[in-house]
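Here is a short report on charged and nonpolar side chains. Have the sequence and the structure at hand.

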Amino acid sequence: MTAPTVSHWTGVPYVGAADRVEDVTNPATGRVSARVLHAGVETANAVISAAETAAREWGRSSLTTRTRVLFRFRELLDARKEELAAIITREHGKVLADALGEVSRGQEAVEFACGIPHLLKGSYSEGVSTGVDVHSKRQPLGVVGVISPFNFPAMVPMWFFPIAIAAGNAVVLKPSEKDPSASIWLAELWREAGLPAGVFTVLQGDKVAVDALLDHPAVKAISFVGSTPIARYVYERAGACGKRVQALGGAKNHMVVLPDADLDAAADHAVGAGFGSAGERCMAVSVLVAVGSIADQLVAEIADRTRGLRTGDGTRGTDLGPLVTRAHRDRVASFVDAGEAAGAKLVVDGRAPQVDGDAGGFWLGPTLFDHVTPEMEIYTEEIFGPVLSVVRVGTYDEAVRLVNANPYGNGVALFTGSGAAARAFELDVEVGMVGINVPVPVPMAYYSFGGWKQSLYGDHHAHGTDGVRFFTRGKVVTTRWTDPAVQPGGGPELAFPQNR
């Protein structure tokens, strides 16, 4: 059978004359499941133009109109989320339960955006001066671009586009070419929900499509999630074109375990946070910091749990699915080689796992290292796979210094039974998201998501109130209405006006 083609979207499927085509593979089999178009500059301009035309009317639509569409989209998504989860598993590889969880977390952002009438309320001050009133309002930007990564083809776009659309903008989504089908499914759901054509568009492709979004004058803002080098590139290029940018980069998330922690719970959470979604999460725990004398017991308990995990096809009830591509699988395996060569103790080796799945899949099992040191490549680099490194330190202060010395500042977790230690940790660590006995501190959608240091380029985090501010711009209006019974006079006044 001929693999289906994943097209662009302008309200209907769109195919450009000069598009290139790339194969999309099912990571669990290694076989081609679809073909995705790669836009040329002409196609990119056509998709952006469709969004620009739609933005004019949508930005003037009433809040009632927008919220009705948002609520309808939310209900359709809730009723059919298993369909989207199946698409994610087929193209990304993560297990079905994880894919369904991704959709559910993305739905939280949709539900937050349904409250846009309250979120866009301005302020009003009467009588700031004699006969003068002032009020503020927030208005849409116009066209905004969303560039999303392969690891969350539904959730990450939903961090951005529900709020952007609710605020009155038109969105151009550029999904990853590795798993593009979820974007078209979402576009069709928007159409069914009653969103006008062009308000949500999809531009498939690679760097050509990305650069078109960064350079096009009609695109006023860019939201990006991906690696730190590309986040920096997006921030600098889009910023040079006068756009506002929120570019979320890479991570090296630590989980610090103090001697007074519940070690059974800590071991459970370390395995879940380190190996869930095969480690292909920007919030995955990749470094466990064992403080004091607990390291031997903790490593033994984590190893015991790790050896019991099942790797295989995500549709078969396994614990870990494949990695997204063969090239990425080989890259992650090369880090395991490097860690072993550098002298770290390889406690659990996932390079040749027993799998419940096709031999052609991109398999790598959970891998555990002990006695890792900060100069090793497996510590310094973002691996983005099921590799957990244990670093041993003597004290709480050493653990905090280790976390703060890292160039990333996305997420960190502390496991302890001490409220005093937890409160000190919240204040001491230089990280944007902190979990206390919570291994993956991704906030609910009404708080904002984002890190510090090289994990974020830009001033605004994703979703929550930061997201509302990012996708709108403020305007302040000062008014005076002269009483017709009062005759104007006195002539022009050239001095700087004073309030009276």
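## A pair one turn apart

Arginine 305 and glutamate 301 lie four residues apart in helix α10 (residues 295–307), so about one helical turn separates them. The two form a salt bridge, with the closest N and O atoms 3.5 Å apart. Arginine 305 is partly exposed, at 23% relative accessible area. Glutamate 301 is buried, at 14%.

The model is a predicted one.

## Other salt bridges

The structure holds 27 salt bridges. One joins the side chains of arginine 316 and aspartate 356, at 2.9 Å from N to O. This pair links distant parts of the chain, 40 residues apart: arginine 316 sits in the loop between β15 (311–312) and α11 (326–342), and aspartate 356 in strand β17 (residues 355–356). Arginine 316 is partly exposed at 44%. Aspartate 356 is partly exposed too, at 28%.

Arginine 351 bridges to aspartate 349, with N and O atoms 2.8 Å apart at the closest. There is also a network of salt bridges, linking Arg74, Glu75, Asp78, Lys81 and Glu111.

## A buried charge without a bridge

Glutamate 91 belongs to helix α2 (residues 63–91). Glutamate 91 is buried but has no salt bridge. The nearest side chain of opposite charge is arginine 90, 4.2 Å away. Beyond its sequence neighbours within four places, glutamate 91 contacts residues including Val24, Pro27, Lys178 and Val324.

## Surface patches

Lys137, Lys220, Arg473 and Lys475 make up a positive patch on the surface. Arginine 473 is in strand β25 (residues 472–480).

Met444, Tyr446 and Tyr447 form a nonpolar surface patch, together about 360 Å² of accessible area. Tyrosine 447 counts as exposed because its relative accessibility is 55%.

Definitions and conventions: Residues numbered from 1 in each chain as written. Predicted model: local features only at pLDDT ≥ 70, side-chain atom pairs only at ≥ 80, totals over all residues. Heavy atoms only, no water. Helix = DSSP H or I, 4+ residues; strand = E, 2+ residues; numbered from the N terminus. Buried < 20%, exposed > 50% of the residue type's maximum accessible area, 1.4 Å probe, protein only. Lys, Arg positive; Asp, Glu negative; His and termini not counted. Salt bridge = Lys/Arg side-chain N within 4 Å of Asp/Glu carboxyl O. Contact = heavy atoms within 4.5 Å. Patch = residues over 30% accessible without salt bridge, like charges linked within 9 Å, V, L, I, M, F, W, Y side chains within 5 Å. Areas by Shrake-Rupley, 256 points an atom, 1.4 Å probe, with all protein chains shown as cover. Charge placed at Lys NZ, Arg CZ, Asp CG, Glu CD.
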